[in-house]
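Welcome! Please have a look at the sequence and the model before reading on.

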Amino acid sequence: MSKSTLLIDNVAFAKSREQLEGQLTLEQSPRLAELTNVEAHTKDTIHYDLQGELDNLGRPHLNLLIQAELTVTCQRCLEPMALNLSRQYHYLITDVESDDPEDNDDIDFQEPSLSMDVIQLIEDEIIMALPIAPTHEQSCGPQVTQSGEKPNPFAALKGLIKP
């Protein structure tokens, strides 16, 4: 798979209030492709919308909206399943060492960069948003174990117990 990049100067992007919108494929995101169902990559879509802005204090911010439709493997039945993600992120662009940003859980921080890789940022956020063990919401088929079913070694003793 090929690794694509989309580089921006994030401070200039925010100051000029630019917007970048597009779609990614899993071929452009090899780390994400490893975590999804390989057979169904043609159906997977990742739509993103990145907007720059300045706040009331003149500080640069980035707003990122990600909507992804991915195919992952259900960890209960080991069959492919659709996973829809819709996430919104708000970044304050600041040199954390020189600024003392207020304690705010709603804002993430990005260091100023002349060549911030937007595709890598999107890929990182999706990977962190993926569930550790995705499963169907409704009951799926019989559970499958990797090692196979083993008989209970104490099953023979059950007949020795008198009611």
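## A first tour of the fold

The protein has 3 helices and 7 strands. Keep in mind as you look around that this is a predicted model. If you follow the chain along its sequence, the elements come in the pattern β-α-β-α-β-β-β-β-β-α.

Of the 163 residues in the protein, 34% are buried. The protein exposes about 10,800 Å², and carbon and sulfur atoms supply 50% of that area. Among contacts between residues at least 6 apart in sequence, 65% join residues at least 24 apart.

**Inside the protein**

In soluble globular proteins, nonpolar side chains tend to be buried together. Here the largest nonpolar core has 33 residues. Those with the most contacts inside this core are I46, L62, L64, L70, L85, I122 and I126. Which elements give two or more residues to the core? They are helix 1 (10-15), helix 2 (30-35), strand 3 (45-54), strand 4 (60-73), strand 5 (80-93) and helix 3.

Not counting residues up to four places away in sequence, I126 touches L32, I46, I66, A68, L70 and L85.

Now turn to E125, which has its place in helix 3. E125 is buried, yet has no salt bridge. The nearest side chain of opposite charge belongs to R87, 8.0 Å away; a salt bridge would need a nitrogen and a carboxyl oxygen within 4 Å. Leaving aside neighbours within four places in sequence, E125 is in contact with I66, Y89 and Y91.

**Charged partners**

Side chains of opposite charge can pair when their charged atoms come close.

| Salt bridge | N to O distance |
|---|---|
| E123 and R31 | 3.2 Å |
| D124 and R31 | 2.4 Å |
| R59 and D55 | 2.7 Å |

R31, E123 and D124 are linked in a network of salt bridges. E123 sits in helix 3 and R31 in helix 2, so their pair links distant parts of the chain, 92 residues apart.

R31 is partly exposed, with a relative accessible area of 37%. D124 also counts as partly exposed, at 25% relative accessibility. In the pair of R59 and D55, R59 is partly exposed, with a relative accessible area of 24%.

**On the surface**

To finish the tour, move to the outside. F154, L157 and L160 form a nonpolar patch on the surface. Together these residues have about 360 Å² of accessible area. F154 lies in the segment after helix 3 (118-129). Why does F154 count as exposed? The relative accessibility of F154 is 56%, and exposed means over 50%.

Definitions and conventions: Residues numbered from 1 in each chain as written. Predicted model: local features only at pLDDT ≥ 70, side-chain atom pairs only at ≥ 80, totals over all residues. Heavy atoms only, no water. Patch = residues over 30% accessible without salt bridge, like charges linked within 9 Å, V, L, I, M, F, W, Y side chains within 5 Å. Areas by Shrake-Rupley, 256 points an atom, 1.4 Å probe, with all protein chains shown as cover. Helix = DSSP H or I, 4+ residues; strand = E, 2+ residues; numbered from the N terminus. Buried < 20%, exposed > 50% of the residue type's maximum accessible area, 1.4 Å probe, protein only. Contact = heavy atoms within 4.5 Å. Core = buried A, V, L, I, M, F, W, Y, C linked by side-chain atoms within 4.5 Å. Lys, Arg positive; Asp, Glu negative; His and termini not counted.
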